[in-house]
Amino acid sequence: MISVCTLVRGRTAQLAQLMAGLAQQTLRPDELVIAYMQDAAPDGLPDPGVPVCSVFVPGDPMPLAAARNAAAAAAKGDRLIFLDVDCVPSPTLVERYAQALDAAPAVYLGEVRYLPQGAFDPDKGVRHPVKPALAADEIRPVPSHGELWGLSFALPRAAWDAAGGMDTGYVGYGGEETDFAWALEAAGIPMAWVGGAVAYHQHHAVHIPPLHQFDAILRNATRFRARWGRWCMDYWLGQFADAGLIRWSAGSDTIDRLRSPTPAEITASRREDALFS
């Protein structure tokens with residue numbers, strides 16, 4: 001069995017597009033599991049053509065790790081596909097992930113193409129500039145487990161269990177996916193890119209740098225350093241340091257908080273038309 005899992009807080013229109021995309025799959029999954037980080041599911045969602053299982057994991061800050069764990073626990077499948085609510089699956093996404101998982105158990109990362117503002121049009125999707133261009137039938141080993149991203153990935157349930165799921169000590173935005181990646185590596189689970197499993201990321205505004213997640217990023221980066229002896233989210237930490245908000249470098253053992261971003265700085269960091277954060 002194949003279970004598609006997604007996390008939701010708000011974003012009803014995006015969830016509806018994801019569900020409509022599942023209804024168009026060349027190989028439909030056996031179910032869709034929705035972990036709502038809110039108290040109730042919205043009305044009027046489309047039929048994805050497969051059974052829907054809903055679980056509820058409300059909390060502030062957003063309980064991203066706990067919600068993913070809840071989705072995996074509720075899923076019936078022995079193969080799990082995690083798809084961000086902003087992502088619309090291309091018609092072959094489930095089929096390509098299933099083919100790869102059948103051929104060799106591993107963690108597989110599908111390609112994500114970013115859509116500009118406006119109507120949903122797959123032809124306008126843009127590949128992330130630091131991600132590889134893949135042939136539709138290609139499987140390519142990933143050089144570092146740090147490449148894992150939560151937008152779209154698939155793995156056997158046995159791999160999820162071997163890594164112990166996601167660490168719920170990460171609360172709010174950032175860090176939990178990279179922590180999970182290193183847990184997968186420690187468990188000896190290989191990772192590869194898979195062509196043909198394309199998802200289209202629906203546009204939304206982003207913050208560059210993500211000042212609106214400042215506290216969570218500092219907290220979760222510190223936890224990651226304590227667990228793994230290295231930093232994650234170091235690109236953002238460098239941006240915070242450049243802005244005079246923290247004292248930090250890649251060789252630091254700690255983050256020295258100098259001040260919080262002001263409301264004006266947070267507002268100024270918002271980019272309405274940026275494709276990538």
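**Figure 1. The salt bridge between E147 and K131.** In this predicted model, the closest N and O atoms of E147 and K131 are 3.2 Å apart; a salt bridge is a side-chain nitrogen of Lys or Arg within 4 Å of a carboxyl oxygen of Asp or Glu. The pair links distant parts of the chain, 16 residues apart. E147 lies in the loop between β8 (139-141) and β9 (152-156), and K131 in the loop between β7 (126-127) and β8. Helices (H or I, at least four residues) and strands (E, at least two) are DSSP runs, numbered from the N terminus. E147 counts as partly exposed, at 26% relative accessibility, whereas K131 is buried, with a relative accessible area of 17%. Buried means under 20% relative accessible area, exposed over 50%, and partly exposed in between, with a 1.4 Å probe and protein chains only. Residues are numbered from 1 along each chain as its sequence is written, and side-chain values use heavy atoms, with hydrogens and water left out. Because the model is predicted, local features need pLDDT of at least 70 and side-chain atom pairs count only at pLDDT 80 or more, while totals for chains, interfaces and linings use all residues.

**Figure 2. The salt bridge between R79 and D102.** The side chains of R79 and D102 meet at 2.9 Å, N to O. R79 belongs to strand β4 (residues 79-83) and D102 to helix α3 (residues 93-103), so the pair ties together parts that are 23 residues apart in sequence. R79 counts as buried, at 18% relative accessibility; D102, at 56%, counts as exposed.

**Figure 3. D179 and R227 within a network of salt bridges.** D179 forms a salt bridge with R227, with 2.6 Å between the closest N and O atoms. This pair also links distant parts of the chain, with D179 in helix α5 (residues 176-186) and R227 in helix α6, 48 residues apart. D179 is buried, with a relative accessible area of 2%, and R227 is partly exposed, at 42%. The network links D167, D179, R223 and R227. A search of the whole structure finds 18 salt bridges.

**Figure 4. Helix α7 and its cover.** Within α7 (residues 234-242), the residues W236, L237, G238, Q239 and F240 are buried. The cover over these buried residues includes α6 (214-228) and β12 (246-247). Just after the helix, G244 takes a positive phi of about 80°.

**Figure 5. The protein chain as the setting of the close-up views.** The chain has eight helices and 14 strands. Its radius of gyration, taken over C-alpha atoms, is 18 Å, close to the 19 Å that the globule rule gives for 277 residues, so the chain is as compact as a globular protein of that length. The globule rule is 2.2 Å times the number of residues to the power 0.38. Along the principal axes, the C-alpha atoms fill a box of roughly 50 × 40 × 35 Å. Buried residues make up 51% of the 277 residues. Among contacts (heavy atoms within 4.5 Å) between residues at least 6 apart in sequence, 73% join residues at least 24 apart.
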